[in-house]
Amino acid sequence: MTDDAFTERGTGVTLKELAAAIGAELPADVPGTDVLIRSCRTLDSAGTGDVTFLSNPKYADQLDTTKATAAIVAASVTCPANPGLMLLKTKDPYYAWSLALVRLHGHRKHPHAGVHPSAHVDPTASVGAGTVIYPGVFVGPRTKIGRDCILYPNVVVYDDCMIGDRVIIHAGSSIGPDGFGFATHKDADGVWRHHKIPQVGNVVIEDDVEIGSNTSISRGAVGNTVVGQGTKIDNNVAIGHGVKIGPHGLLVAHVGVAGSTVIGHHATIAGQVGITGHIKIGDGVTIAAQSGVMADVPDQTTVIGSPAMPASHARRVYFLFTQLPTIQDRIKKLEQAVEELSDAGDEV
Amino acid sequence: MTDDAFTERGTGVTLKELAAAIGAELPADVPGTDVLIRSCRTLDSAGTGDVTFLSNPKYADQLDTTKATAAIVAASVTCPANPGLMLLKTKDPYYAWSLALVRLHGHRKHPHAGVHPSAHVDPTASVGAGTVIYPGVFVGPRTKIGRDCILYPNVVVYDDCMIGDRVIIHAGSSIGPDGFGFATHKDADGVWRHHKIPQVGNVVIEDDVEIGSNTSISRGAVGNTVVGQGTKIDNNVAIGHGVKIGPHGLLVAHVGVAGSTVIGHHATIAGQVGITGHIKIGDGVTIAAQSGVMADVPDQTTVIGSPAMPASHARRVYFLFTQLPTIQDRIKKLEQAVEELSDAGDEV
Amino acid sequence: MTDDAFTERGTGVTLKELAAAIGAELPADVPGTDVLIRSCRTLDSAGTGDVTFLSNPKYADQLDTTKATAAIVAASVTCPANPGLMLLKTKDPYYAWSLALVRLHGHRKHPHAGVHPSAHVDPTASVGAGTVIYPGVFVGPRTKIGRDCILYPNVVVYDDCMIGDRVIIHAGSSIGPDGFGFATHKDADGVWRHHKIPQVGNVVIEDDVEIGSNTSISRGAVGNTVVGQGTKIDNNVAIGHGVKIGPHGLLVAHVGVAGSTVIGHHATIAGQVGITGHIKIGDGVTIAAQSGVMADVPDQTTVIGSPAMPASHARRVYFLFTQLPTIQDRIKKLEQAVEELSDAGDEV
């Protein structure tokens, strides 16, 4: 089982056509621009007929040794060590790479169209044209699914939810389970019990959202839980009831957001971040992996750490944290010096 | 897509009836207690005919501006700025709010009764009266499900498990997968391998438990994994084999509890907490979000942090942690002062 | 509902036969080695006819009071306080215990053979002989499942994946959802959007892997995501696209591994660990619970903490972290002493 196991979806285009499709420049008068490019591959696995890309500088060395026919690179990149490699130069190599993948491989071809007969769509739900619903999916009463969506196997969308157009939800995710809402009350028998609060809100997923596998997005207690347009959510994320996530956010795997928190647009929330309830995360905020956010975060701020701190402060804090043994040594030395000075003073 | 999208389940009662139903007091001789209340809404989304509530002091300002007809509040609350707002006074506003939601909206009406034909219940399993089993659910051999339970779509309950009465399990959760039990052994060929240990225990879920979506509760290796009566577990939680959770606990999203740990009654375990295996968490313990618990926690204790520390100590530790740059500055200043004192001493 | 609820799968063997089956020694000339042993139970729940085991020294006291007929123990263990207890001595009690469980209880007997009719296996997929596929499972186009595998209910394996032999995947896990790959690009209208990058790789699960419930393993962007032979993955784990995990690893619940990271063989990664993308974790590495790994880890290293540090350094760091209030007190005292010394100097 090698890298060759991966799906060959491409049929091939000439290098010249590919450059045009992805908005890249080829060096003038280069011979061989009619060569056929068939696949996109990584620097180290590409061979003849493949295009690859360099975006993460960590992999720059591999440009010298890749066996790819062509590489999508930033305008400033040269590669004298690998003269046979055709460089496709572009301002935004990663975006050009995404266009190359779309051109050569395309998006998944589904094994069926529309609602699969072994999915369960409630008769009062509606499903837009062009939407593909895989086996084992459940769509609850009165829920509306937009056009050109994809619900992968065993996705569950509870009652009364609203899913926009071109939404993709991966296998096993659950949209609209009851929020974690209980009123803890001392009952007549003296026992404190958690009494279920009916969760009468819903979930609204706006257009162009993608949601990974095994993610849970709870319905609002009253009112909506909202995932804004174009926001992308990874696998195994948990979103609490009444959370509002603005458009064009990124939430990486295992992120947890507690109830009623509001997140602005273009937020980037890295893996395993936890955000407490009832706070406000501004627009354009970045939150580093494993951070714990317990207070509002202003617009355009990067925070790091648990508890989350502004990035530059957090970097100092965490550096000093790892240096605590040195700090302790310095304190010991100081204590000794002060003792000696005191003794000396006493002698004086 | 606005807040109006949320489910209208209510049919309406008079304010007077509502006050009686939720155990709240209306000011004496207030006119208008026959006004019809139809829905429960948040302070900022409520309008005429709605009841709202104030429990979190963070939202107290909104009482002045809410357009609700009535608000459930603590006995001490007044609102002179919003004279039209009827105040429903009660000792426990959040509990009264839960009763109002039950009275006005009720719990979910299921689209079918009993076991849905596209669920798979093993012929040797039993399902109590009044239990609703949604499509895609799997109930394994010899498993017993009590009365008046709800198993939402694609829930899996493995073989030989015991589910009490009035248990709710949300979509995609898995009850009784094999625990993570392997004997790591150097085989005859010199390779260390992880050998599967048959997990011959089961999971016991007692009465009135609610479990969120995409949560996994592993079966005991030998003996039970137990979730005690009335305990509520959120989404994407992972409970290891042989864990015993006492009655009336709360486990928030992404909590992980490793094997054989015993948790007392009325534990509150906040989001993303990790608890190691083979330890004892006492009764009435509270564990703050993202804490890492590596040792026993006595009854009625609050712990915070990773590693978890008693709350008051942890608060000082985390405060000083965020102040490490200041601590470093103080040490630098001391070092300078001591150097100067030494120099001065030398001069003397 | 007591411990007695657990599955009785055993039919019983003599103690002598059991000793032979698990490679343990019985004391010479002990009477009663023909006694029938029927079940494996924990020290505190075992009774007559049961075998138990002692591996974790934490439970050593219970050897004195267990009512088991026999106990599997290390060669050095004696138990004069419980003379009726037969000791089965072995070099590796936990491994011997696993063999006893296999001998007495065996692995799960499945309620059906082969592909259950309410599973959905694409006609272009292949499923090996002896493989059991439970209801609600989805196997996508062109995916190959090896021999003697078990796919529990509602597992989803996307298109073009390769699953080896004797692989076990627990309920609700998702193998091969699209990786979290988006090219963020400022579109012609001036809005930054996340553009989906087709994920044209796949997932390769090698032989003898076990995967828990509600785990997600994303397909490679280009090329494979690989889980090496004999690796065991717990519940609710999230593996990013293009990750390669070597053979014989252990990944505990809620671990998250970001894209393109490479993990060597025999890694042990404890609960809730997060590992960033594009790094290399060596062979035989151990990572403590809740650690956050942001840089390469050399072979045979143990790391602890967030950020992850070599174990011995991390232990000092975390000890001093919990002592920060004391450190602050020492600094205060030093400041006072230095002030006094300065004053004294001025006086001099």
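Predicted model: local features only at pLDDT ≥ 70, side-chain atom pairs only at ≥ 80, totals over all residues.
Residues are numbered from 1 along each chain as its sequence is written, chains are lettered from A and ligands numbered from 1 in the order in which they are written, and side-chain values use heavy atoms, with hydrogens and water left out.

Now to the pocket. A pocket here is an open set of points on a 1 Å grid over the protein atoms alone, with protein on both sides within 12 Å along at least five of seven lines, and a lining residue has an atom within 4 Å of a point. The second largest pocket holds about 620 Å³ of space, where a volume is the space filled by probe spheres set on the points, and grid points are joined across faces, edges and corners. Strand 18 (192-196) of chain A and helix 3 (93-104) of chain B each give at least two residues to the lining of this pocket; helices (H or I, at least four residues) and strands (E, at least two) are DSSP runs, numbered from the N terminus. By kind, the lining of this pocket has 10 nonpolar, 11 polar and 11 charged residues, if we count Ala, Val, Leu, Ile, Met, Phe, Trp, Tyr, Cys and Pro as nonpolar, Asp, Glu, Lys and Arg as charged, and the others, Gly among them, as polar.

Let me turn to cavities, meaning sets of points where a 1.4 Å probe fits but cannot get out. The structure has seven of 30 Å³ or more, and the largest cavity contains about 110 Å³ of space. It is lined by 17 residues, and those closest to its centre are A:Asn154, A:Gly172, B:Asn154, B:Gly172 and C:Gly172. Its lining has five nonpolar and 12 polar residues, and no charged ones.

How are the chains related? Chain B can be laid on chain C by a turn of 120° and a shift of 0.0 Å along the axis, with an RMSD of 0.1 Å, which is the relation of a three-fold axis. Such copies are superposed by least squares on the C-alpha atoms of residues with pLDDT of at least 70 in both. Only 17% of the interface residues of chain B are also interface residues in chain C, so the copies meet through different surfaces.

Finally, chain C has an open sheet of eight strands, in the order 8-11-14-19-22-25-28-31, with parallel pairing. Strand 8 (126-127) and strand 31 (280-281) of chain C stand at the edges with a single partner strand each, so one side of each is left without a neighbour in the sheet. Two strands pair if DSSP finds at least two bridges between them, and strand 19 (residues 202-205) and strand 22 of chain C pair over four bridges, with C:Asn202 opposite C:Asn224. In strand 22 (residues 224-227) of chain C, C:Asn224 and C:Val226 point one way and C:Thr225 and C:Val227 the other, and all are buried, that is, under 20% relative accessible area.

Terms used: Contact = heavy atoms within 4.5 Å. Buried < 20%, exposed > 50% of the residue type's maximum accessible area, 1.4 Å probe, protein only.
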